[in-house]
Amino acid sequence: MRLSQLLVPTLREIPAEAEIPSHILMLKAALMRKLASGVYIYLPLGQRILRKVEQIVREEMDRAGSQEVLMAALIPAELLKESGRWDVFGPEMFKLKDRNERDFCLGPTHEEVFTDLIRNEVKSYRQLPLILYQIQTKFRDERRPRFGVMRSREFIMKDAYSFDVDWEGLDKSFNKMYEAYCRIFDRCGLKYLVVEADSGAMGGKDSKEFMVISSIGEAAIAYCDNCGYAANEEKAECLINQEIVEEMLPKEKVYTPNIRTIEELVNFLGITPDKFVKTLIYKAKDNVIAALIRGDRDLNETKLLNILGIREEELELADASIVEKVTGAKVGFAGPIGLKGEVLIIVDNEIPQMRNFILGANETDYHIKNVNYGRDFKADVVADIKNVIEGDKCPRCGSPLKIDRGIEVGHIFKLGTKYSDALGAKYVDEDGNEKPIIMGCYGIGINRTVAAIIEQHHDEKGIIWPMSVAPYHVIIVPVNVSNEAQNRVAEDIYVVLQKEGIEVLIDDRDLRAGVKFNDADLLGIPIRITVGKKVDDGIVEIKLREKEEAEEVKISDVVEKVKNIIKEKM
Ligand code: ATP
Ligand code: MG
């Protein structure tokens with residue numbers, strides 16, 4: 001392809017809303033443009049990259065024995081009503097009506113559609129197991145679309161679904177997908193962790209997420225270098241210190257005028273935050289909850305939701321009027337002792353192991369010190385409701401945990417019979433008995449994967465594509481297009497490389513060499529062939545985007561050399 005003809009309107013000025021490297025570079029390098037909030041269109045280079053990633057996904061899914069199909073993006077409401085998700089999805093689902101007032105949605109995911117296909121087409125154990133997949137556009141009206149295509153409202157997903165006769169079969173399918181995912185993300189040049197993920201209040205047996213390590217990741221991951229434990233924040237646990245050395249002291253009320261926050265208490269009393277216990281008052285549907293965690297910790301709302309068995313929208317921090325009603329005090333002095341009315345007390349599992357801590361007295365301007373769990377108050381539930389922090393002990397081996405941030409690019413999930421029960425997807429076994437089909441589901445965000453690759457592969461000049469997903473392998477830059485010899489050599493190499501099946505660009509634009517080099521760096525093409533003055537000595541230069549220095553090569557060797565580099569880096 002000739003750069004003079006390629007639609008690649010690179011940008012100098014980037015809109016301020018682009019905050020992260022991948023978003024900035026995808027706009028700058030003209031891979032994509034924004035059409036509306038959370039909606040993007042792809043230009044020729046962007047589309048080529050998407051296709052490359054899709055192709056890797058396709059090859060590995062096929063290798064794992066999965067079969068490609070294509071479902072509809074327009075889904076009739078009846079199917080989602082059967083599973084109960086028509087209402088569960090809430091505002092994230094794009095709903096619409098047809099001309100006859102029938103309800104539809106634009107598929108946010110396709111469990112129901114696949115289950116429907118299988119219940120209609122599969123009758124016997126002989127037709128199982130099956131793993132089907134598609135690569136298709138999904139629609140989700142995200143509450144906060146952001147970071148460009150990382151979290152957009154329309155995106156391409158590879159979603160696969162497995163159908164087995166029993167749980168053992170599901171384990172096998174799940175492992176196949178696990179291995180395929182590892183191969184996919186390895187081939188994309190990504191560094192990632194596979195973490196245990198929350199499977200939600202709605203059930204589900206085993207859930208793993210593929211997290212690309214990146215400082216801009218939305219999810220925190222706890223992992224252990226010693227034993228390999230890795231889990232995302234919603235799931236990560238830690239060992240609780242079991243030794244209790246202190247004796248219980250008599251409980252004592254302390255006057256803390258206008259001292260409400262942990263920070264103020266630390267300053268006022270001169271005691272470290274881990275000696276305090278925070279009491280957070282929540283409203284959960286129609287109930288009031290008091291959740292207690294150590295003063296230096298953060299509460300994990302997903303863990304709390306799972307204990308309560310409710311959805312995100314049903315939980316919120318209580319407003320001042322509720323807090324004042326149940327504590328009988330101004331906001332900032334809540335504690336578990338002497339709460340008024342029906343309040344469910346949930347205590348983090350670390351608190352029973354603490355001694356002589358300080359918490360709110362449910363009386364304005366007062367706290368209580370030397371409080372001890374069991375002696376002074378009891379909870380309705382003791383459970384893990386905290387976020388782990390760096391240095392907490394690994395739940396498996398006790399070594400200190402590390403915390404990193406990650407981008408979720410893939411998710412594999414054992415569904416069991418959730419959808420086969422709801423939609424009645426059954427098979428007849430060898431003995432003629434009807435049984436529910438056991439399912440798994442497996443997703444990869446294609447566009448998010450592209451963005452994640454850029455997050456891990458860029459520098460101040462631009463993108464550095466891994467060979468496997470690069471839009472073109474080679475860019476030929478004639479330094480001076482009006483020099484006949486340079487032009488001829490560049491064009492010759494271009495023709496031969498094309499014949500060899502190598503994806504090659506030639507920068508035939510009449511621009512200064514510096515401008516062309518900058519563009520080549522921005523676009524991130526892995527191999528640059530520079531054709532300059534030395535053509536008269538039969539020499540050109542090869543420079544890899546990932547390296548600083550260039551190498552001089554004889555013109556007669558250049559094609560062989562390029563072929564070898566590509567082979568080696570694929
Ligand atoms: P998240 O927690 O990031 O919202 P999710 O749990 O909703 O993700 P899944 O339903 O498991 O995601 O979807 C499978 C994959 O699709 C994800 O691993 C991710 O790569 C991709 N994905 C999900 N939502 C988006 C989005 N809004 N934009 C781009 N990719 C997405
Ligand atoms: Mg989501």
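Contact here means heavy atoms within 4.5 Å, and that cut-off sits behind every neighbour list below. Leaving aside neighbours within four places in sequence, N447 is in contact with Y42, L50, V149, F155 and I156. This is a predicted model, where local features need pLDDT of at least 70, side-chain atom pairs count only at pLDDT 80 or more, and totals for chains, interfaces and linings use all residues. Residues are numbered from 1 along each chain as its sequence is written, chains are lettered from A and ligands numbered from 1 in the order in which they are written, and side-chain values use heavy atoms, with hydrogens and water left out.

**Overall picture**

- The protein splits into domain 1 (47-218 + 403-454), domain 2 (252-383) and domain 3 (472-569), with bounds that come from an automatic or database domain assignment.
- Taken over C-alpha atoms, the centres of domain 1 and domain 3 are separated by 42 Å.
- Along the principal axes, the C-alpha atoms of the protein fill a box of roughly 95 × 70 × 50 Å.
- You'll find 14 helices and 31 strands in the protein; these are DSSP runs numbered from the N terminus, with helices being H or I of at least four residues and strands being E of at least two.
- Of the contacts in the protein with a separation of 6 or more, 69% are between residues 24 or more positions apart.

**Surface and charge**

- Of the 570 residues in the protein, 51% are buried (buried is under 20% relative accessible area, exposed over 50%, partly exposed in between, with a 1.4 Å probe and protein chains only).
- The accessible surface of the protein comes to about 26500 Å², and 47% of that belongs to carbon and sulfur atoms; the areas come from the Shrake-Rupley method with a 1.4 Å probe, and for residues only the protein chains shown count as cover.
- On the charge side, the protein has 80 positive and 96 negative side chains, and the centres of the two sets lie 1 Å apart.
- Lys and Arg count as positive and Asp and Glu as negative, while His and the chain ends are not counted; each charge is placed at NZ of Lys, CZ of Arg, CG of Asp or CD of Glu.

- N447 sits in helix α11 (residues 446-456) and counts as buried because its relative accessibility is 4%.
- The side chain of N447 also makes a polar contact with the side chain of Y42, at 2.9 Å (a polar contact is a pair of N or O atoms within 3.5 Å; within protein, one must be able to donate a hydrogen and the other to accept it, and residues adjacent in sequence count only if both atoms are side-chain atoms).
- F104 belongs to strand β6 (residues 103-106), and its 17% relative accessibility is why F104 counts as buried.
- Beyond four places in sequence, the contacts of F104 include L74, I75, P76, A77, W86 and F94.
- F104 and F210 are 106 residues apart in sequence, and their C-alpha atoms are 31 Å apart in space.
- V504 is part of strand β28 (residues 504-506) and is buried, with a relative accessible area of 2%.

**Helices α1 and α13**

- In α1, the buried residues are S22, H23, L25, M26 and L27.
- Their cover includes β1 (32-36), β2 (39-42), α11, β25 (458-459), β26 and α13.
- After α1 comes A30, with a positive phi near 60°.
- Helix α13 (residues 513-523) has A513, K516, D519, A520, D521, L522 and L523 buried.
- Among the elements that cover the buried residues of α13 are α1 (21-28), α2 (44-63), β26 (462-463), β27 (474-478) and β29 (527-531).
- Just after α13, G524 takes a positive phi of about 80°.

**Backbone points to check**

- Most residues other than glycine have a negative phi, and most peptide bonds are trans.
- L128 and P129 are joined by a cis peptide bond, with omega about 0°; P129 is in the loop between α5 (111-121) and β7 (130-139).
- N258 has a positive phi, near 60°, and is not a glycine; N258 lies in the loop between β13 (252-255) and α7 (262-269).
- N362, also not a glycine, has a positive phi of about 55° and lies in the loop between β18 (357-360) and β19 (366-371).
- With 7% relative accessibility, N362 counts as buried.
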